[in-house]
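Please have the viewer open as you read.

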Amino acid sequence: MARLPPLLACWLCCCAVAAAAAEGGSSRTKLWSVRSGLGGFDPGDPAPAFRVPLLDGEFVYPPLGSSRSSLIIHAFTNRSAFLECLWTSNESLSDLVEFLPPSAQVLVLSTDDSAVEQALWMREQVYGAAGGRGKEILSRVHFSSVPVHALGNWIPRVLYSWGCGGHNCGLAQAVFTSPDWAAPVIVKRLNARYDWLNGRWEYTTPYILAEVGDGCKPVPEAAGAVAWVSEGGCSFFTKVKAMAESNASGVLVYALPGNPIQDMNCVGDECNTSLSIPAAMLHIEPAVVRALSTGKPVNVSFQVTPSPNFFFAVNQEGKLAEMGWFLYPTFRFLSWQAQWFDFYADLLEHIRRPADVVLVFNRTLMQGKAGAQAVVELPSDLLKYDVLELDAALSCPGIRDETCAHWDHTVQLFVCCDRFSPYCNLELGRWITAFRRGTGRWVTDVSPLLALLNGTRCSLTMKTVPWAMPWMTTLNLRFSYSNHSGKSSERLYPFKLMMLYNGGTFDRDYNNRFQQIKFEIPASTKKVELFAVITGHGSDDNGCCEFCVTSHYFLVNGIYNNSRVFDSAGSALGCALRVGEGGVPNEHGTWLYGRGGWCDGLQVDPWRIDITPQLNMTGPNTILYFGLYDGRNPDPTKDPGYIIMYSYLVFYK
């Protein structure tokens, strides 16, 4: 386990009360009023040029030369247990070294007066984690020798006006009181991971504190109290489980002198046991130990004191950007945001390519049963295009992420160009909203669905569930040509669609609802493609269909079985690993976990299979769909989930 250098260890043991005087009580109201009075910079604003003194030189922005990196600005403070763990955890530091994209630069600042000592220590932490890569990573991670309040530029204004007070941003604290004390003792704390423990601290009522040793076994003294537990002797899981069995109201694990605060989490099969009490880790506090050892009553309450923001960024365009929420202390969240900046830079490059663009929505309100609606004129000669892309963005009603909708929902785009056509009001695209972040933008290739646009004037509707909080939607239709040699005879055009199957409730009767479809190939057809958009939702006793592995099959002519398996559903980082594809990083909630064919803050990619070799081009054919859970028919005992599916055969000529 990483240990703290003597200077920082001294700060940790000695500065808690001083920090309390500076950050607690009436100062909280003052800090919020200061925040509300600071203006001038919002996400999306251009970042002005600046210079910052470093330990070994000067950081200059914008960088010299034509290439531009993303820049992440991190403000450290020793008053934050979250940041302490971020910088002392070997796993966190390794994540910084291993996953920070080559295109990203990091500028590390300090809001404390001891900026030089902290910068030297943090640089040594990175160098120690980097091994043989120390020189390379330190060429992109820069440490300022000047505290934030002395920078003399615009950066402090952003840090303070974008201040924060939750989700590991802000100063999470435990407040101890005892009758013999003249003032409360306030210390920093780090909550156990939110997705492990179901319990949450009550912020309005103080708890009784009870000393219970190492907490590795149930004890009657913990009943109805917050257990004061030493680290070591057993795992965090064992401690919390034992205290839950003791009917404790919560658990405070204190680090032994000289040891850092750790990220409290379950490991492996431990995570399958549901525990419903809160827990946190903090440093040992001598005044608390003395009071408990002499039988004096000690109460503890919990608060989060707002602070300057710990992170903000400048993307490759030179625009200010929020960093979202770091759900637990690892630099991987920093790297995910930097990866998304790379994705977004590539997206902007992509949409600069030639295309005929039809504007559908421009920050149009999407809310309620009607959603967002528009009628557009399409290009007169659609037959000259063989590429259709949806350039879509979902943003929040306000400028900041804090104005975004709280929950993830499915968003669908429906199109109708002829209200008497069987193609009217079919799905053209699908996305999933992010948890409280509004930076999502995606380009989705739906070229096979050009056949849905069977008119020059079309109505489009984008909507989600009517009870969802509002989103602002922007959508462009991009018509272009594929990159062939230039001979028009080489381009195939989707001239006809045949509807196949929709999904439905994923229960024991799911597959009984689907019948084999017989079809023949239209004359002049050169290629046939299976096109399907499939997502799983809901949660039965197996976690289906959001968090369970389902498989989907289209059996052609009784021989060829085309399958799609959502094998990342339920995995710990299944969606976090798709940030490079456009998944919005650092959302609220469980955005990191893999899902059944979708991710929060991401488009749903169509599944396309060329089945031409599987077909009889001059005679009858058959196709049959079925879906399975764990290789067998679904058979939930309660609350069955459901599948949303649009599937077609697309005929090209």
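## About the model

This is a predicted model, in which local features need pLDDT of at least 70, side-chain atom pairs count only at pLDDT 80 or more, and totals for chains, interfaces and linings use all residues. Numbering runs from 1 along each chain as its sequence is written, and side-chain values use heavy atoms, with hydrogens and water left out.

## A histidine in a strand

His283 belongs to strand β11, residues 279-283; helices (H or I, at least four residues) and strands (E, at least two) are DSSP runs, numbered from the N terminus. With a relative accessible area of 8%, His283 is buried. Here buried means under 20% relative accessible area, exposed over 50% and partly exposed in between, using a 1.4 Å probe and protein chains only.

## Cis peptide bonds

Most residues other than glycine have a negative phi, and most peptide bonds are trans. The bond from Tyr61 to Pro62 is cis, with omega near 0°, and Pro62 sits in the loop between β2 (57-61) and β3 (70-76).

The bond from Cys544 to Cys545 is also cis, with omega near 10°. Cys545 is in the loop between β25 (527-537) and β26 (550-556).

## Positive phi

Asn586 has a positive phi, near 55°. This residue lies in the loop between β27 (560-565) and β28 (602-603), and Asn586 is buried, at 0% relative accessible area.

Asp630 has a phi near 55°, also positive, in the loop between β30 (620-629) and β31 (642-652). Asp630 is exposed, with a relative accessible area of 53%.
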